[in-house]
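User: Please take a close look at a single part of this model. I should like one connected account of that part and of how it relates to the rest of the chain.

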Amino acid sequence: LPHLVDTLLLGSALAMAFLSGQYPFAQDWLTAKLCGLLLYILLGTVALKRGKTKAIRGMAFVLALLAYVYVIAAALSRSPWLL
């Protein structure tokens, strides 16, 4: 099920970028958002099953949450630099 959710999340992000005419690598904030989404997905897989120890899974979980917050902040500010 997590693979399906991640695939739908990434697919919908690319579809929305295409339909809105704002393409990644042409818009800095959209590129940052896409990279943050990929980082979130990778860290989520480590947190859920690929982490060998509980400490690694816990750290990946915290970093995945931070990546999620970054994606939301980049979307709201339309800037890759949140400061």
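Analyst: A residue is called buried under 20% relative accessible area, exposed over 50%, and partly exposed in between (1.4 Å probe, protein chains only). The model is predicted, so local features are taken only at pLDDT of at least 70 and side-chain atom pairs only at pLDDT 80 or more, whereas totals for chains, interfaces and linings use all residues. Residues are numbered from 1 along each chain as its sequence is written, and side-chain values use heavy atoms, without hydrogens or water.

Helices (H or I, at least four residues) and strands (E, at least two) are DSSP runs numbered from the N terminus. The protein chain holds 3 helices and 0 strands, and its order along the sequence is α-α-α. The C-alpha trace spans about 40 × 30 × 15 Å along its principal axes. Of the 83 residues in the protein chain, 27% are buried.

The expected span is 1.5 Å times one less than the number of residues. The two other helices can be judged by this rule as well. Helix 1 has 19 residues that should span 27 Å, and its end C-alpha atoms are 27 Å apart, which agrees. Helix 3 has 24 residues that should span 34 Å, and the 35 Å between its end C-alpha atoms agrees too.

The buried residues of helix 2 begin with Trp29, Leu30, Thr31, Ala32 and Leu34, continue through Gly36, Leu37 and Ile41, and end with Leu43, Gly44, Thr45 and Ala47. Their cover includes helix 1 (2-20) and helix 3. Contact here means heavy atoms within 4.5 Å. Helix 2 in turn is part of what covers the buried residues of helix 3, namely Ala60, Ala64, Ala67, Val71 and Ala74. For the protein chain as a whole, 52% of the contacts between residues at least 6 apart in sequence join residues at least 24 apart.

Rings of Phe, Tyr and Trp (its six-membered ring) pair if their centres lie within 6.5 Å; planes under 30 degrees apart count as stacked, over 60 as edge-to-face and the rest as tilted. By this rule there is 1 aromatic pair. Tyr40 and Tyr68 form this tilted pair, with 6.0 Å from centre to centre and 45° between the planes. The pair links distant parts of the chain, as Tyr40 lies in helix 2 and Tyr68 in helix 3, 28 residues apart. Tyr40 counts as partly exposed because its relative accessibility is 29%; Tyr68, at 45%, is likewise partly exposed.

Leu39, which also belongs to helix 2, is partly exposed at 43% relative accessibility. Its C-alpha atom is separated by 9.0 Å from that of Leu63, 24 residues away along the chain. Leu63 contributes to a nonpolar surface patch of about 560 Å², made together with Met59, Phe61, Val62, Leu65 and Leu66. Patches consist of residues with over 30% relative accessible area and no salt bridge, like charges being joined within 9 Å and nonpolar side chains (Val, Leu, Ile, Met, Phe, Trp, Tyr) within 5 Å. A salt bridge is a side-chain nitrogen of Lys or Arg within 4 Å of a carboxyl oxygen of Asp or Glu. Phe61, a member of the patch, sits in helix 3 (residues 54-77) and is partly exposed, with a relative accessible area of 48%. The protein chain exposes about 6,100 Å², of which carbon and sulfur atoms supply 74%. Accessible areas come from the Shrake-Rupley method with a 1.4 Å probe; for residues, only the protein chains shown count as cover.

Arg78, in the segment after helix 3, has a phi near 50°, a positive value in a residue other than glycine. Arg78 is exposed, with a relative accessible area of 52%.
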